[in-house]
Every structure is written in C-alpha cells, then in structure tokens.
Amino acid sequence: MSPSGRPWSLNFVFLLGMASQGISCPSRCSCQYLEVNCTGQQLQEFPVDIPLDTRQLILAANNVSYLPALELSFLADLVYLDCRKNLLGDDLDFTFIGVAKLVYLDLSFNNLTQVTFSTFSHLLSLVVLKISDNPNLVAIEKDAFANNTWLRHLDVSQTGLTFLDTSTVQDLPNLRLLGLSDNLWHCNCSFLDFITWMMESDVHFPDADNITCYTPAGLRALRMPAAEAQLHFSCLTQLYKQDYVFLCLVGFCIFLAGTMAAWLAGVCAVIYKAHASKGEGEEEEEE
C-alpha cells in the first residue's frame with residue numbers, strides 16, 4: 001500500500017493517466033483542468049491532440065480558416081468555444097453537429113458571409129452566440145435560430161446586414177440581449193415590422209444609439225424610434241402603382257357585377273310582365 005492508501009498498481013495507473021493527459025496537450029497551447037487555451041499562437045489549422053474531456057476551448061486571435069466537424073465531434077463534452085479573431089468564413093453548415101452540449105460560441109471578428117438553418121441547428125443548448133464584426137456577413141436566413149430556443153444573448157452588430165426578418169428573433173422565447181449596432185440597415189417599408197418589434201420588445205439592445213438607418217439617404221443616421229415614425233407615415237399612407245391597379249380592378253368588378261345585376265333584374269321584369277299579360281288575356285277569353 002502507498003502512503004495515499006491506494007495500492008501501488010492503482011497509483012501507477014493514475015500517474016500514467018496524468019502523464020498521458022499532459023502529453024495530449026496541443027503544441028503551443030496551455031492546458032488546465034478541462035480547458036485548452038491556444039490564444040494568439042498564430043495557428044493556421046485546428047490543433048490536434050486536444051484532450052477528449054475538454055469543456056472549454058479557446059482558439060482566439062489565430063489564423064484558423066476551417067473548423068473540421070469530425071475533430072470537433074470528438075469533443076462531445078465541449079460547452080465553451082471561443083474562435084474570435086480568426087479567418088473562418090463561407091460554409092459552416094453542419095460544422096457543430098457533434099458538439100450538441102455547446103453553451104457559449106464566439107465567432108466574432110471572422111469572415112462569415114451567411115448563416116443558414118444548418119449552421120447552428122444542432123446546438124440545442126446554446127445560450128450565448130456572438131457573430132459580430134463579420135463585415136462580409138450579409139444574410140441570416142429566416143429560420144436560422146429556429147432550434148436555438150435557449151438563446152439569451154445574440155450579437156450580430158458591426159456586420160454587413162441590411163435586413164433581418166422579425167420572426168428570426170421574435171420566436172426566441174429566452175432572448176434577453178440582442179446586439180444590432182453599426183450595421184447597414186435598409187429602412188424601407190419591409191423593415192418597418194422589425195423596427196416596430198424592437199420598440200415594443202422587452203429585449204435589451206446594447207449601444208442603441210448606434211442602431212441607425214444606413215439607407216435610404218433621406219433616413220441615413222436616423223435612430224430607430226425616429227425611423228419608425230417616418231416609415232409609419234410614408235408606408236401606411238402612401239399608395240403604390242400596384243395599389244392603384246388593385247383598386248381599379250376592384251372598382252371594375254363592382255361595376256360589372258352591378259351591370260349584370262341590373263340586366264338580370266330587367267330581364268326578370270320583362271318576363272314577369274309578359275307572363276302577367278298572358279294570364280289576363282286568357283281570363284278575358286274565358287269570360
């Protein structure tokens with residue numbers, strides 16, 4: 001028996017396990033209990049030899065351009081992933097399919113271009129998602145966060161977004177904080193529903209003074225409350241060409257229906273009068 005009270009054979013296995021954990025720490029990274037930190041190591045690729053029981057992985061400030069879904073899937077217990085300030089871009093669909101326990105994900109300061117339903121749909125436990133400071137991010141699909149019902153903090157500020165569908169965020173029951181500042185919002189009638197939702201929502205919008213319209217030129221730099229008033233006036237009182245066409249069609253249909261009704265009424269009156277006259281003639285002949 002060892003001084004610790006364990007058999008020497010068990011001590012040997014324990015030390016061997018500790019040694020193997022130390023060996024498995026990725027090169028140029030530091031490893032602590034359940035945490036791997038590779039910040040600022042100029043990594044070009046996703047590091048290898050990450051301990052399989054890692055809960056927190058920090059890859060911030062590197063040059064990683066691709067996250068391999070297979071290698072990530074080995075980290076089934078991962079709950080915290082920080083990939084800010086890298087070169088990630090283009091297609092991230094199904095990348096996170098094997099890390100369903102992820103709670104915190106930071107993809108800010110990268111080269112993301114779009115977010116689809118398949119990008120984060122497998123992250124059912126996600127609470128914090130940061131995709132800000134992606135200047136090439138120009139599209140987020142309507143149902144992109146449909147499966148992320150636990151999401152509380154979403155940051156899409158300082159991107160190339162010009163439009164965001166209301167249902168994309170309105171249907172997130174636990175959302176409490178939404179970053180929208182310094183985007184290229186196109187404040188037209190299609191965006192009015194989203195602005196109205198912002199004004200009526202209980203969600204907190206940090207840096208709200210910098211949530212402004214970028215286009216059209218007449219509304220540039222206008223904050224959302226003022227933009228809502230302007231759009232309410234212009235969108236709800238202005239008739240467009242298609243509206244006039246619709247009204248003309250409705251008027252024509254009403255005119256046509258009235259004409260047909262009058263014609264049928266006239267025909268019925270003539271038939272009735274002819275029938276009545278015939279009946280009177282027969283009665284006179286009988287007398």
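Reply:
**The aromatic rings in their setting**

Start with the chain as a whole. Of the contacts (heavy atoms within 4.5 Å) between residues at least 6 apart in sequence, 52% join residues at least 24 apart. This is a predicted model, in which local features need pLDDT of at least 70 and side-chain atom pairs pLDDT 80 or more, while totals for chains, interfaces and linings use all residues. Residues are numbered from 1 along each chain as its sequence is written, and side-chain values use heavy atoms, with hydrogens and water left out.

The chain has 7 helices and 12 strands. These are DSSP runs numbered from the N terminus: helices are H or I of at least four residues, strands E of at least two. Of the 287 residues, 36% count as buried. Buried means under 20% relative accessible area with a 1.4 Å probe and protein chains only, exposed means over 50%, and partly exposed lies in between.

How far can the model be read? The average pLDDT (the predictor's confidence in each residue, from 0 to 100) is 88, and 86% of residues score at least 70. Residues 1-22 stay under 50 in pLDDT, and the model gives them 10 contacts beyond four places in sequence. Where pLDDT is low, predicted coordinates should not be read in detail.

Now the rings. A search of the whole structure finds 9 aromatic pairs. Rings of Phe, Tyr and Trp (its six-membered ring) pair if their centres lie within 6.5 Å; planes under 30 degrees apart are stacked, over 60 edge-to-face, the rest tilted. The W185 and F191 pair is stacked, with 5.3 Å from centre to centre and 20° between the planes. Both W185 and F191 are buried. The W197 and F205 pair is edge-to-face: the centres are 6.0 Å apart, and the planes make an angle of 85°. W197 counts as buried because its relative accessible area is 11%. F205 is also at 11%, so F205 is buried.

These residues belong to one cluster. Ring pairs link W185, F191, W197 and F205 with F163 and F194.

Next, the residues around this stretch of sequence. S181 lies in the loop between strand 10 (177-179) and strand 11 (185-186). S181 is buried, because its relative accessible area is 6%. Leaving out residues up to four places away in sequence, S181 touches S157, Q158, D207, N210 and I211. Take Q158 from that list. Q158 sits in the loop between strand 9 (153-155) and helix 4 (166-170). Its relative accessibility is 36%, so Q158 counts as partly exposed.

Most residues other than glycine have a negative phi, and most peptide bonds are trans. Phi of Q158 is positive, near 55°. L34 is another non-glycine residue with a positive phi, about 65°. L34 is in the loop between strand 1 (30-32) and strand 2. At 21% relative accessible area, L34 is partly exposed. The peptide bond from T215 to P216 is cis, with omega near -5°. P216 falls in the loop between strand 12 (213-215) and helix 6 (224-237).

Q41 lies in the loop between strand 2 (35-37) and strand 3 (56-58). Q41 is partly exposed, because its relative accessibility is 27%. Beyond neighbours within four places in sequence, Q41 contacts R28, A61 and N62. R28 is 13 residues from Q41 in sequence, and their C-alpha atoms are 6.5 Å apart.

A cavity is a set of points, on a 1 Å grid over the protein atoms alone, where a 1.4 Å probe fits but cannot get out; lining residues have an atom within 4 Å of a point. The count is 1 cavity of 30 Å³ or more. The largest cavity has a volume of about 30 Å³, taken as the space filled by probe spheres set on the points, which are joined across faces, edges and corners. The largest cavity is lined by D90, L92, L112, Q114, V115, T119 and F120. Strand 6 (114-115) and helix 3 (117-120) are the elements that give two or more residues to that lining.

Definitions and conventions
On a 1 Å grid over the protein atoms alone, a cavity is a set of points where a 1.4 Å probe fits but cannot get out, and a pocket is an open set with protein on both sides within 12 Å along at least five of seven lines; lining residues have an atom within 4 Å of a point.
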